[in-house]
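Me: I would like to learn how to read salt bridges in a structure. Could you walk me through them?

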Amino acid sequence: MEFWPEFLASSWGKEFVAGGLGGTAGIVAGYPLDTLRIRQQNSKTGSAFSILRRVVASNGLCALYRGMAAPLASVSFQNAMAFQTYAILSRAFSTNSTGGEPPSYKGVALGGIGTGAIQSLLLSPVELIKIRLQLQGKPNENKNQSGSDKGPIHVARKIIRTEGWRGIYRGLTITVLRDAPAHGVYFWTYEYIREQLHPGCRKSGKETFRTMLVAGGLAGVASWIFCYPLDVMKTRIQAQPESSPTKYKGIADCFMRSVKEEGYSVLWRGLGTAVARAFLVNGAVFTGYETALRFILHNNNHAASQTEKTI
């Protein structure tokens, strides 16, 4: 009975719960757009609207949420790790980490880069499973990605059985190359914009909901634009089963073949969908995170004051 109050009173506990709630809000808010983005990236033709209409007509609305269980199952730990790691690294790299001052922008950027690299170890297999599920039922898919896969556990077992443990980490290198610099841009943009919209809020932590939504949304947009070509390559690499005759041999091979067959525009295919999703999702993530953190801190302070009164 004493575990939960003590857990929430700790720094890790607050970050874990707040990060989990923020991440859950972001996934639920933007998952259908994420499914459209993945299908656009792995297709040679079709606008977001035409793909949406085709998916809903052939598989129903539920197809837009296929594979959501995998990121939802890991989102609490993933976001807890991300925000806690960022808090530690941004302070470690900061030039003004003493006292109550917020981390410097240099510390924020370097902390974000480190966070992205570390988070990739967890995110890479989760995204691999999610992508395989999101592409089920897609026209011209080979038999290895048929609609017989029922859920994330089934897909994970199938990958391990047919491709080995190495297969579950397919795309890890490009995930690190995408996420490390993108997280640096992400956190730096958020901290900079929130301070511009609400001067002094980085120190006081009293920004408005509008500031959270706009700063979080623009941070997501900036990071996605920065890393988008790598994300397209990552999707294509992770979408290919080991037994596929068209499997890419690596990042360079995927890049050269994709550009040769479809032109440089392929590197930005689905960007509009990704940007719309990024603003929605990351506005929800930071708003959910900051709101949950405030609520937990308020309850902890209230509980502490009640304890002092009884003493």
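Reply: Here is a short tour of charged pairs in this model.
This is a predicted model, where local features need pLDDT of at least 70, side-chain atom pairs count only at pLDDT 80 or more, and totals for chains, interfaces and linings use all residues. Residues are numbered from 1 along each chain as its sequence is written, and side-chain values use heavy atoms, with hydrogens and water left out.

Me: How many salt bridges does the structure hold?
Reply: Side chains of opposite charge can pair when their charged atoms come close. A salt bridge is a side-chain nitrogen of Lys or Arg within 4 Å of a carboxyl oxygen of Asp or Glu. The structure holds 17 of them.

Me: Which parts of the chain does the pair Asp34 and Arg277 link?
Reply: These side chains meet in a salt bridge at 3.5 Å, N to O. Asp34 is in helix H2 (residues 11-41) and Arg277 in helix H11 (residues 271-310), distant parts of the chain 243 residues apart. Helices (H or I, at least four residues) are DSSP runs, numbered from the N terminus.

Me: Are Asp34 and Arg277 buried or exposed?
Reply: Buried means under 20% relative accessible area and exposed over 50%, with partly exposed in between (1.4 Å probe, protein chains only). Both Asp34 and Arg277 are buried.

Me: What separates Glu191 and Arg194 in helix H7?
Reply: About one helical turn, because they are three residues apart in helix H7 (residues 172-197). Glu191 counts as buried at 9% relative accessibility, and Arg194 is buried with a relative accessible area of 7%.

Definitions and conventions. Helices (H or I, at least four residues) and strands (E, at least two) are DSSP runs, numbered from the N terminus.
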